[in-house]
Every structure is written in structure tokens, then in C-alpha cells.
Amino acid sequence: MKMDLGNWQAAGNAPDSQPVPAGAATDRPLAIEARGLVKRFDGFTAVDGVDLTVPEGAIYGVLGPNGAGKTTTLRMLLGIIDPDEGVRRVLGAERPHDVAHAIGYLPEERGLYPAMKAHEAIAFVGALRGLPLAEGRRRGKLLLEEHGLGYAADRQIRQMSKGMAQQVQILACLVHEPRLVIFDEPFSGLDALNQGKLEKMMRGLAERGTTVIFSTHVIAHAERLCDRIAIIAGGKVPFAGPVDLARDRIRPQVRLETRAAEGAWRAALPADARHDRKLDGSSFFYFPLPESGIEPLLRALIQGEAGILSLSIERAGLHDAFVAIAGEAAARALDANPEEERAR
Amino acid sequence: MTTTPDRSGGRLTALSAALVVARRDFSAVLFSRSFLAFLIGPLFMLAVSALASSVGQQVEQNAGRPRLGVAMAPADTAAMTAAARRIDGELDRLLPELVPLRAQPGEAPAATLAGQRGAVDAVLSGTPEHPVLTGSAGMVEAQQVPVRLIAAAALDTRPRAMPKVTLAPVAVPSGTNKIARMRTAQLGQTVLFLLTMLLAGMVLSNLVEEKANKIIEILAAAIPMDAVFLGKLFAMLAVSFVGIAVWGLAAGGVLLGGGHSLAELAAPAVGWPAFLALGVAYFAMAYLLLGAVFLTIGSMASTVREVQTLSMPVTMLQLLVFFFATAAVGAPDSWMARTAQIVPFSSPFTMLARAAMEPGLAPHLLALAWQALWVTLFVRFGAQLFRRRVLKSGPAGGAQGRSGARRWLRLGRA
């Protein structure tokens, strides 16, 4: 058997920046469907009415600032904790433990038994998911070999670096060939080289039909990998859907370069436009595309003899979209419940 | 990679999942250095106590042998000491030690005794025909028969050998050895209690270590928490059986080597094989009950200090339960004994004592079923509490939040 998970070792440090095509997964059956999930701890509402739908075979990002409720949401999806309200259906099952054999999970707080050898640790995690131990050991060695860690198969976890142990744990959550993999902050603790390898591995999994869900607060990973995302802020989901839709939530940015800095044409620019002056006397202005569109603005600039050197309209990045959406949600939550949000 | 779910081996039953955890824990504990220390610790204690007991016996033997100063005429003194030496060997050093004294002519024996300043316990004067023993009332009372024996031997010109007695021990019929059986019952309870406490502590440390290693979330995501708890309890139970086997063999070796046997204890009412089997079963129940409680406590604590703080009340409570069960042995038909048999935590101890005191196995089967029911309830409750209280993120829990001890206290108020 070849454990083809996408070659981590060969991936190099230049991750493929092409995201998996959006929409390709949307007409598939749902791997996860959650409605109105609520979780309270001692009166503190960690998750407040989260809805999520994740199509099978998608790479789905759960984005949010620290303490937003990402981990609690993932734990509810995995059945580690039960929601106080709401329903969840994971791979068609209402109780996630019923399909635990088809799920792989990398928790945010990494952990393996320090005295265990690498291939034994992989086999143990596989055994917890129903894979016979002997088969787990065999696959464990194979996986380590394929990912350039064969030399460490008999090494104890305590003898490994943190990054290496994390790679072993990632392989461990894939050893039983799950249909759904949930990674909680998978990139933290990995160097840039291994982050690239992990991205490639995740793409490989999705191409083969495995649903991949991961949480992160590093937007660049989500932008490169995901076709759909959910943004969690203040325990709520202010946005869930395709990445492009998130970008479209904020207006494109206009980047204008002019020969002159002042003139009657300045009245056509928004008052809060950012202005940078270059050494050669030319000026740069940045501002959101006006609701009236680019044409009236362009006419005003020409009529006002602004001396346009360049003008471009840039679509918002996911980072900008995230900051805007999460920021608005946080501000709304703070208005609604200042005590709880300060605690968060 | 194909992602067909059937290649993964399929869903685990709760029992299979518990066995996966148990197998890992068992082998991890068994091959750890701490297990060796765990095994050797009681053996050291056994060796030290055996040594101390042997030395103590020697000291007791020497210290317990009274010294009688002989203040007779020189010929009588010689005759008395020679006679004492002659028969002492045959009486296994039961006679007092005779020490010749040089008394001043005309000195009263009481004055001689006072002049010895405690070097002798009494003074023997007069003649072998009419010996006079001067000393404290207790001493002279206790030593009069040995002195008569020595005097008779001193007067006998023809040394006589003392005939050997053939010993014929027989089992004393039931009803006449109630006190002896009570001793067996109490010994059984004590061993059960010590083992239970030792192992419950170990399972607690094991869970705290697991939390420190952050494994618990991987386990909780893959299998039900009940299975995790049960697996951990099974593992430590298996470890304890290994320990009991080793300690039992060692203790048996020491006892047999020292010429002792189980026959020295009164045979339990249900017989030794059934008593030992019930002992193992009741140990398992007592351990599983206490272990479940300790595991629940362990799930609340994140440091060893918190564990100590939280487990102290339970340990004290368990000590009370033990005393309760011990007291019930003395009054087997009382309301206290009945209550101790019903209360889950004292039931294994009390029922083991009952096995020593009263025949019949049916009540034990009932008691084991009752205790098993409580084990199930405790494991379920502990698992639920664990899921509810520990695996949570956000400011109310984990590293960002309040300590486990505080959470426990809050739970107590709830």
C-alpha cells in the first residue's frame, strides 16, 4: 500500500499559491452541517449560535482572532464537548463519536506520549480510530518513510524537536485514512518550510476527496488554501461562505498616482483618502472605490487636471476582509455585551 | 490515497476503545522506572519490617528475661546456678538468669537488692531447701515457680532429662475461634485498604501526567470519555494485579522461609480459596470505586499540588470509611455493619470481613453486583464531569482561566 498524502518532503518551501477552485465542492453532500451551536461555560458564552455547512472534499478555513470560539466550535463538531443548544451532523451522524473512525484531528495543544516511539505513536492514534495496531505500526513506518522521517521511526517522541513531533502527530491523524480531517491551528509551531509542505499535503487530501477543516488566525494560509471560510468573532459567525464573497464584502481600493498634490480635483476624492507624497513631487492616494463607481471620479480628475500618472482598482485581500468583518462583529458584540466581550 | 472508510478498521465499541487505552497505559506503566520503584517499595518495607521484627524479638527476649541475684552460701549459690544452666537449655531460655552476688554477712536481702541499683530484679537468698525471693510483688509472684524448679533441680543429685512432648495441632471447631477469625478479617481489610489507597494515588498521577502531555484531547476526540476512564482504571487494575502477584510471592516466600504459614491465621468461614478470590474481587471493586473518584478529581486538577489539595478530603473520607468498616467487624449483626455493607465505599471492606466471619457466598455475589453498579455510575458521572469542566477554552477555563481547584470549589457551590 502506498500512503499517498501528497509528498510533504518534496514540497519545498514554495507553496502552490493557487487555491483549490471555489465552487467545485459546493454541490457535493455536506461533511458537516451545524445549526445554532451554543456553548456556555459558567455563564460565559464561548460560542453563540454558530451555523456551519462544509461540503465534502472542501478545504474549509475557520478564521478568527484569539478567543473567538474557534476551538470550542471544533470541539463541538468532534464530540469532545456537547453544545448547550443547536444541532450538528458530522459525516451524516448526529453523534460525532459514531463516525470517529472516519475523522482525523490535530488539536491546538499538541500532545503525544513522550516515551512512545514515533511509529508506535502513529499506530496508537490509529488504534483509537479503529485501526488494528499491527496495521497502524506498518502504516506508521510507511508514512514516516514517505515524508522523510523514516530515520526517526524508532525514535522516542521526547527525543524529537517540537516541529518534528508535530509532523508525527499530523501523520498520526491521517494514518487511518479519514474522510474528514480537522486541524486546529495546524501551522503554528512549524517553520516556513514545513508550513509549505503542510499546505501541499492539505491540498493533496482535498484532491482525493477528504474534507479538510482547519482553524487559523493567519489569514495568508486560508487565502491560499480555502475555497470556503467561516469567520468567527465574539462567538458568532458574521461571515461564512466562499472566499471571494468575503473579499467582496469590502469595497475595492483605488490607488491613484498624480503629478500634483493639490487642486480643485481633490474635492472629488473622499475626505479620508490616505495621501503619500513621493520625493519627486508626485502623490499617491488610497481610498475605497466610491459607491458611484470609477467613471464619475475619473471624469472629475480629468476635468480638474489632476495629472493622473496611474490609477488602479485593487480588489480587497482576505486579510482586509477579515479585519473588516471580524472588527465589525467585535464592535457589535462589545456594544451588546461589554462585560463578556472584555472578558473574552 | 483512497479515502474509503472501511480501510480504517471501523468503529470501536466502548469496550474495545477502553482496551486500547488500557493496553497503552498498562505497558507504559509496566515498563517505566517508577513501576519498579512501586514494586520494590513495599518489598523494602516488608524486608525492613521483617528485620525489625527479628531484632525486636531478640531484644524482647533478652530484655524480658529477669535477672535474679543469688545471695546464698557459696556452695548453694553454685548448686543453684549450675542447676539453672542445666535445665535452661531444655526450657528454651524460659528461666530467669541467675547472677551470683557477694552479700555482706548479716545483710538483709532487701538491702542487698537496693545495693544492686537495678542490676538485678530480685534477690534469691536462703537455701535450696528454703529459698527466699525478695523483690517487687509482681516479680516475686512471677518468678516463684521457676525458682522452685531450679531449687528442685539443685537438690536432685541425679539429673533427669525432660521428656519431649509430641504436638498434635487440630483445627479448632467453628464458633470457638471467633476472635481469631476477626483477626483474619481485620488483616484482610487492612491489606485491601492499603492496596486501594496506593493504586488510586497512582491512577491519579497517571491522569495528571496525561493532561500535562496534552494527550487527553486526542483521546476525547476519538473515543467516548467513559471509555477513556474505564481504560485507565482497567490498566491500573491490571498493574495492581501484577504488583499483588509480585508482593504476594515475596510475602509468601518470606513467611514460608520464616517457618510461618496461613494456618497460623484462623481459616476464614468461606475457606481460604473463596476468601482469596473474594479478596481479589473486592479489591477490584474498592479500587474501581475510589479510582473513579480520584480520576474525576484528576480531571479537575492541572498540577500535582492541585491534586494533593483536592484528593486530601477524599483520602481522609476513605480513612473514615475504613475505620467504619473495621468497627463493623466487631458487631457483625448491628445496624452499623448493615450500613457499612450497603454504602458503596465501605461495602468491599465490610463484605471481605464478613467472608472471614460467616460462611455462604450468595451475599457476596449480591454485594459484588451492587458495587459494580456503583462503579458504572461513578465512571459515567466522572466522565461527564470531565467533559463538562475540563475541555473548554476561553477565559473561563484552561490556562487563561481560573485554576482547576477553584473550578472544583465553584462546582461544589453549584
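Chain A has ten helices and 13 strands. Helices here are DSSP runs of H or I with at least four residues, strands are runs of E with at least two, and both are numbered from the N terminus. This is a predicted model, where local features need pLDDT of at least 70, side-chain atom pairs count only at pLDDT 80 or more, and totals for chains, interfaces and linings use all residues. Residues are numbered from 1 along each chain as its sequence is written, while chains are lettered from A and ligands numbered from 1 in the order in which they are written.

Stay with chain A. It has 344 residues, and 47% of them count as buried. Buried means 20 or more other C-beta atoms within 10 Å of a residue's own; exposed means 12 or fewer; partly exposed is in between; C-beta atoms are placed from the backbone. Now contacts: two residues are in contact if their C-beta atoms, placed from the backbone, lie within 7 Å. Take the contacts in chain A between residues at least 6 apart in sequence. Of these, 74% join residues at least 24 apart.

Next, a helix pair in chain A. H2(A) covers residues 118-128 and H4(A) covers residues 162-172. Their axes come within 8 Å and cross at roughly 35 degrees. Axes are lines fitted to C-alpha atoms, for helices over the stretch in contact, and angles run from 0 to 180 degrees between N-to-C directions. The crossing of H2(A) and H4(A) is right-handed. Which residues of H2(A) and H4(A) make the contact? H2(A) brings Ala118(A), Ala121(A), Ile122(A) and Val125(A), and H4(A) brings Val168(A), Leu171(A) and Ala172(A). By class, that is seven nonpolar, no polar and no charged residues. Nonpolar covers Ala, Val, Leu, Ile, Met, Phe, Trp, Tyr, Cys and Pro; charged covers Asp, Glu, Lys and Arg; the others, Gly among them, are polar.

On to chain B. It has 14 helices and four strands. Of its 414 residues, 37% are buried. For contacts between residues at least 6 apart in sequence, 76% join residues at least 24 apart.

Start with H1(B), residues 14-30. Among the buried residues of H1(B) are Val20(B), Val21(B), Arg24(B), Asp25(B) and Phe26(B).

Now H8(B), residues 225-257, and H9(B), residues 272-300. Their axes come within 10 Å and cross at roughly 135 degrees. H8(B) and H9(B) are therefore oblique to each other. The scheme: under 35 degrees is roughly parallel, over 145 roughly antiparallel, 65 to 115 roughly perpendicular, and the rest oblique. This crossing is right-handed. The contact includes Phe229(B) and Met236(B) of H8(B), with Tyr287(B) and Leu295(B) of H9(B). By class, it has nine nonpolar, two polar and one charged residues.

Last, two single residues. Ala119(B) sits in the loop between helix H4 and strand S3 of chain B. Ala119(B) is exposed, with 11 other C-beta atoms within 10 Å. Arg67(B) is 52 residues from Ala119(B) in sequence, and 7.8 Å away in space, C-alpha to C-alpha.

Notes. Left-handed = near helix turned anticlockwise from the far one by under 90°.
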